[in-house]
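Thank you all for coming.

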Amino acid sequence: MDTTNFKVGDIIRVFTKDPQDNKVHATPFEGVVISLRGQKESRTFIVRKRGADGVFVERIFPVASPSIEKITVVKSTGARRAKLYYLRKTK
């Protein structure tokens, strides 16, 4: 399953499931892709979203994870950097 149809700077929605129960989680994780790293099977990406009370949450997902049900691109943007770590400093 090729789920790398997104790039850094895109806003994506990641649908995950529990591997034991095979249930899709009710709320998908939606945020900005701030990093893509690795090669082939060890490829990972970091998604950053704004949670409750303005607290930012970052989550690292392996691309080849069996717990990822699907990934949809909400909005595609053109980032000028390969890593958007500077977003961590903004509020």
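Read from one end of the sequence to the other, the chain follows the pattern β-β-β-β-β, with zero helices and five strands. Helices and strands here are DSSP runs, numbered from the N terminus, a helix (H or I) having at least four residues and a strand (E) at least two. Please keep in mind that this is a predicted model, in which local features need pLDDT of at least 70 and side-chain atom pairs count only at pLDDT 80 or more, while totals for chains, interfaces and linings use all residues. Residues are numbered from 1 along each chain as its sequence is written, and side-chain values use heavy atoms, with hydrogens and water left out.

Let me turn to the sheet. The five strands form an open sheet in the order β4-β3-β2-β1-β5, and the pairing is antiparallel; two strands are said to pair if DSSP finds at least two bridges between them. The edge strands are β4 and β5, each of which pairs on one side only. From one strand to the next the twist averages 40 degrees, where axes are lines fitted to C-alpha atoms, for helices over the stretch in contact, and angles run from 0 to 180 degrees between N-to-C directions.

Strand β1, residues 11-16, is joined to β2 by four bridges, and the two run antiparallel; the bridge partner of V14 in β2 is F29, and that of R13 is E30. Strand β2 is in turn joined by five bridges to β3, residues 44-50, again antiparallel, with V47 in β3 as the bridge partner of V33. β2 and β3 form a hairpin with six residues between them, and G38 in the turn has a positive phi of about 95 degrees. Seven bridges join β3 to β4, which run antiparallel, and T44 has P62 in β4 as its bridge partner. In the hairpin of β3 and β4, with five residues between the strands, D53 takes a positive phi near 60 degrees.

What about the interior? Of the 91 residues of the chain, 29% count as buried, where buried means under 20% relative accessible area, exposed over 50%, and partly exposed in between, using a 1.4 Å probe and protein chains only. Five of the seven residues of β3 are buried, so this strand is largely enclosed by the rest of the structure. P19, in the loop between β1 and β2, is by contrast exposed, with a relative accessible area of 52%.

The largest nonpolar core has 16 residues, of which F6, I12, V14, F45, F61 and I71 touch the most other members; such a core is a set of buried Ala, Val, Leu, Ile, Met, Phe, Trp, Tyr and Cys residues joined through side-chain atoms within 4.5 Å. β1, β2, β3 and β5 (68-75) each supply at least two residues of this core, and β2 gives the most, with four residues. Leaving aside neighbours within four places in sequence, F6 is in contact, meaning heavy atoms within 4.5 Å, with I12, V33, L36, F45, I71 and V73.

Finally, the rings and charges. How many aromatic pairs does the structure hold? There are three, where rings of Phe, Tyr and Trp (its six-membered ring) pair if their centres lie within 6.5 Å, and planes under 30 degrees apart count as stacked, over 60 as edge-to-face and the rest as tilted. F29 and F61 form an edge-to-face pair, 5.9 Å centre to centre, with 65 degrees between the planes. This pair links distant parts of the chain, 32 residues apart, with F29 in strand β2 and F61 in strand β4, and both residues are buried. Ring pairs link F6, F29, F45 and F61 into a cluster. R59 lies over the face of F29, at 5.7 Å from the ring centre, and the charged end of K70 sits over the ring of F15, 4.9 Å from its centre; the criterion is that NZ of Lys or CZ of Arg is within 6 Å of the ring centre and within 35 degrees of the ring normal.
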